[in-house]
Amino acid sequence: MKTEKEKMLAGEVYDCADNELLTRWHKAKQLQQEYNNTLTTDAGKISDLLDELIGSREDNVWISAPFFVDYGENIYIGKNVEINMNCVFLDCNKIVIGDNSGIGPGVHIYTVFHSTKASERTSENSTFWKSQTAPVIIGNNVWIGGGCIILPGVTIGDNTTIGAGSVVTKSIPANVLAVGNPCRILKQIED
């Protein structure tokens with residue numbers, strides 16, 4: 001029988017109130033609070049906190065505080081990545097950010113979703129809604145403009161730029177400029 005965490009990562013309906021999940025969620029909140037309150041000049045402490053908070057990161061990763069996560073451990077970041085302030089990553093499934101990518105301020109990345117039918121998302125014996133997940137994959141050399149929202153299951157191809165304020169509801173291919181709500185391709189980008 002699968003654990004609730006295994007169900008969560010497999011995209012199956014899972015119980016957010018599971019003890020293992022709640023324990024990690026609380027730990028992530030503690031680490032996130034410490035991270036957000038650490039002086040930007042304390043590189044050693046920032047590095048140590050990120051090692052505990054997120055799944056993995058390569059060299060030259062900068063995440064400006066404040067930074068908010070669900071579990072943190074499901075976030076995987078490539079090298080030479082800058083994530084600006086006020087980003088929210090609901091990492092109930094994998095969030096993968098490729099090398100040389102930039103995430104603007106106030107970007108929200110969601111991997112969790114709920115049924116649109118109230119009877120299917122609520123539980124009589126829990127404060128938490130029934131949830132499912134899908135990973136978000138961001139390629140190499142991607143720029144996500146400030147204020148974007150990226151929904152569960154989205155993949156953004158290499159060398160793509162997503163314009164500020166876009167709501168990305170479906171996957172976007174490589175080498176394009178895409179903007180809007182819902183996000184649509186404006187043009188091909190030739191490098």
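Strand β18 (residues 176–179) pairs with β19 in the antiparallel sense over four bridges. Strands here are DSSP runs (E, at least two residues), numbered from the N terminus, and two strands pair if DSSP finds at least two bridges between them. The model is predicted, so local features need pLDDT of at least 70 and side-chain atom pairs count only at pLDDT 80 or more, while totals for chains, interfaces and linings use all residues. Residues are numbered from 1 along each chain as its sequence is written, and side-chain values use heavy atoms, with hydrogens and water left out.

Within this pair, leucine 177 stands opposite lysine 187 in β19. The hairpin of β18 and β19 has four residues between the strands, and glycine 180 takes a positive phi near 105° there. Strand β19 (residues 184–188) lies largely in the open, because the number of buried residues among its five is zero. Buried means under 20% relative accessible area, exposed over 50%, and partly exposed in between (1.4 Å probe, protein chains only).

A polar atom of the serine 166 side chain lies 2.9 Å from the backbone nitrogen of glycine 180. The side chain of serine 166 also reaches the backbone oxygen of glycine 163, at 2.7 Å. A polar contact is a pair of N or O atoms within 3.5 Å; within protein, one must be able to donate a hydrogen and the other to accept it, and residues adjacent in sequence count only if both atoms are side-chain atoms. Serine 166 has a relative accessible area of 0%, so it is buried. Leaving aside neighbours within four places in sequence, serine 166 is in contact (heavy atoms within 4.5 Å) with Gly147, Cys148, Ile149, Ala178, Val179, Gly180 and Cys183.

Elsewhere, five strands form an open sheet with parallel pairing, in the order β1-β4-β7-β12-β15. Its edge strands, β1 (56–57) and β15 (155–156), each pair on one side only. Inside the sheet order, β4 (residues 75–77) and β7 (residues 95–97) pair in the parallel sense over three bridges. Isoleucine 77 stands opposite isoleucine 97 in β7.

With a relative accessible area of 39%, methionine 85 is partly exposed. Methionine 85 and alanine 65 are 20 residues apart in sequence, yet their C-alpha atoms are 5.2 Å apart in space. Not counting residues up to four places away in sequence, methionine 85 touches Ser64, Ala65, Pro66, Pro105 and Gly106.
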